[in-house]
Amino acid sequence: MLDGDLTHVSTVQTWECDSNAHLNVQFFHQRFREAGYLFRQRNGLAGTAMASAHTRFYRELHVDDTATVFTLPVRDAHGAVFLMHRLTVDGDTLCCCSLDRLDGDTSRLAPLPLSDFPQVAPRGLPEGPTPPVEGTDALIAAGAAAVTCITHVLPSDMDHAGVWRAERLISSFSNGGQSAWALVGAVTPWLREHNLGRVVLEMKLDCFTPPAAGAVLRQTSHCIELGAKTYRFGHQIEDAVTGRLYAAGQVLSILMDHGSRKAVPIPPDLKAPAAP
């Protein structure tokens, strides 16, 4: 079994799965948020679970899989302390993991070195907080970015304390993934023709200021780098009325063949948009 406190157990439901017929990224983050809340409650820790997190995905989860999360505190080389959430189906095979940053007093914990867990440490995305992107309107005008989600924050999007739930933020990121891939030419009809799906390998998020119920959110997504095998893009969520910055993040994604369920190289007909 994976080491750590047992902090979450649940079964994957049909409505949690997406067009790839596997558990959508937002519901991985829901499970990690609930795990982080329980660990904080047990240990008298302050802060909101999954307000700043770095997640890596290894294996798909499907309907009726039982997801179990084990949590341990870890410390990185810079002294930052995180809750390391590791999700498994069989008890010892890692399916997904997330570093849930802790704020405030962590003196009662005995964090292990993050370097002991290379599968969890950031790999394809930079460490640390996501820097906001300036001039998104110029990027949109140049075709290097797009408005990818406009949504209304409802009371049901909040947790018991009235704080925006992490999975609602990730839901916006998930919606934006389709449009982010369209920036390089991988529009939905093209994906269907080639029997391909969009899959996330790694994702980071930072909620700088949670929105209140009633806010209208505007998300922009932009191309960062299109490689031979992976595509890195970013999301930024602002108030659609005032422009106030709420959250930002980055995603490392690949294309998956629906027949083999294997990753494929980025086809040469996909091109990154020119920088403005």
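View 1. T148 counts as buried because its relative accessibility is 11%, where buried means under 20% relative accessible area, exposed over 50%, and partly exposed in between, with a 1.4 Å probe and protein chains only. The model is predicted, so local features need pLDDT of at least 70 and side-chain atom pairs pLDDT 80 or more, while totals for chains, interfaces and linings use all residues. Residues are numbered from 1 along each chain as its sequence is written, and side-chain values use heavy atoms, with hydrogens and water left out. T148 belongs to strand β7 (residues 145-152); helices (H or I, at least four residues) and strands (E, at least two) are DSSP runs numbered from the N terminus. Apart from neighbours within four places in sequence, T148 is in contact with N175, G176, S179, Q219, T220 and S221; contact means heavy atoms within 4.5 Å.

**View 2. The nonpolar cores.** A nonpolar core is a set of buried Ala, Val, Leu, Ile, Met, Phe, Trp, Tyr and Cys residues joined through side-chain atoms within 4.5 Å. The largest one has 48 residues, and L87, L169 and W181 have the most contacts inside it. Helix α3 (residues 166-182) gives the largest share of this core, six residues. Beyond residues up to four places away in sequence, L169 touches W164, L205, C207, I237 and A247. A second, separate core has twelve residues, including L72, C97, F117 and V120.

**View 3. The largest pocket.** This pocket has a volume of about 990 Å³. On a 1 Å grid over the protein atoms alone, a pocket is an open set of points where a 1.4 Å probe fits, with protein on both sides within 12 Å along at least five of seven lines; lining residues have an atom within 4 Å of a point. Grid points are joined across faces, edges and corners, and a volume is the space filled by probe spheres set on the points. Of the 46 lining residues, N20, H22, R198, V199 and V200 are the closest to the centre. Strand β8 supplies the largest share of the lining, eight residues.

**View 4. The second largest pocket.** About 250 Å³ of space lies here. The lining has 17 residues, and those closest to the centre are F82, R101, E127, G128 and P129. At least two lining residues come from each of β2, β5 (94-101) and β8.
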